[in-house]
Amino acid sequence: MARKRYKPEEIVAKLRQVMFWSRRARTMVDAIRQIGVSEVTLLRWRQEFGGLKIEQVKRLKDLELENSRLRKAVSDLTLDKLILQEAARGNF
């Protein structure tokens, strides 16, 4: 069976659905089945997106993307700096 990748907005919506179904006197297992994910997935989602709103999740993902891009840029520049230092010493 193919895995489905959910967008952060979809995850927040599914977490809200679970809360809705669990308040309607159903068991948590029934609520999890209603949204079509496993208990482990739901627990992981709650840990990552627990009390966030959709706008906050979008902002979080944008910041994570920018952070990874900046980390890559810093590592590239650090590598360039080390190469230039070696070349300046004459150890090439």
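Visitor: What is the relative accessible area of Trp 21?
Guide: Trp 21 is classed as buried; this term means under 20% relative accessible area, with exposed meaning over 50% and partly exposed in between (1.4 Å probe, protein chains only). The model is predicted: local features need pLDDT of at least 70 and side-chain atom pairs count only at pLDDT 80 or more, while totals for chains, interfaces and linings use all residues. Residues are numbered from 1 along each chain as its sequence is written, and side-chain values use heavy atoms, leaving out hydrogens and water. For Trp 21, the relative accessible area is 18%.

Visitor: What is the mean confidence of helix H4?
Guide: Confidence is expressed as pLDDT, the predictor's score for each residue from 0 to 100. The chain averages 87, and 95% of the residues score at least 70. Helices (H or I, at least four residues) and strands (E, at least two) are DSSP runs numbered from the N terminus. Confidence is lowest in H2, at a mean of 83, and highest in H4, at 92.

Visitor: What radius of gyration does the chain have?
Guide: This quantity is taken over C-alpha atoms, and the globule rule is 2.2 Å times the number of residues to the power 0.38. For a compact globule of 92 residues, the value would be near 12 Å. The C-alpha atoms fill a box of roughly 75 × 30 × 20 Å along the principal axes. The radius of gyration of the chain itself is 22 Å.

Visitor: Which residue forms an aromatic pair with Tyr 6?
Guide: Rings of Phe, Tyr and Trp (its six-membered ring) pair if their centres lie within 6.5 Å; planes under 30 degrees apart count as stacked, over 60 as edge-to-face and the rest as tilted. The structure holds two such pairs. In one of them, the ring centres are 5.3 Å apart and the planes stand at 85°, so the pair is edge-to-face. The partner of Tyr 6 is Trp 45.

Visitor: How many residues apart in sequence are the parts that Tyr 6 and Trp 45 tie together?
Guide: Trp 45 counts as buried at 4% relative accessibility, whereas Tyr 6 is partly exposed at 23%. Tyr 6 lies in the segment before helix H1 (8-23), and Trp 45 lies in helix H3 (residues 39-49). The separation of these parts in sequence is therefore 39 residues.

Visitor: At what angle do the ring planes of Phe 20 and Trp 21 stand?
Guide: Phe 20 is partly exposed, at 45% relative accessibility. The ring centres of Phe 20 and Trp 21 are 5.5 Å apart. The pair is edge-to-face because its planes stand at 75°.

Visitor: Which residue forms a salt bridge with Arg 89?
Guide: A salt bridge is a side-chain nitrogen of Lys or Arg within 4 Å of a carboxyl oxygen of Asp or Glu. The closest N and O atoms here are 2.9 Å apart. The partner of Arg 89 is Glu 86.

Visitor: How many salt bridges does a search of the whole structure find?
Guide: Among them is the bridge between Asp 76 and Lys 72, at 3.4 Å from N to O. Asp 30 and Arg 33 meet in another, at 3.7 Å. Glu 48, Lys 61 and Glu 64 are linked in a network. The number found in the whole structure is five.
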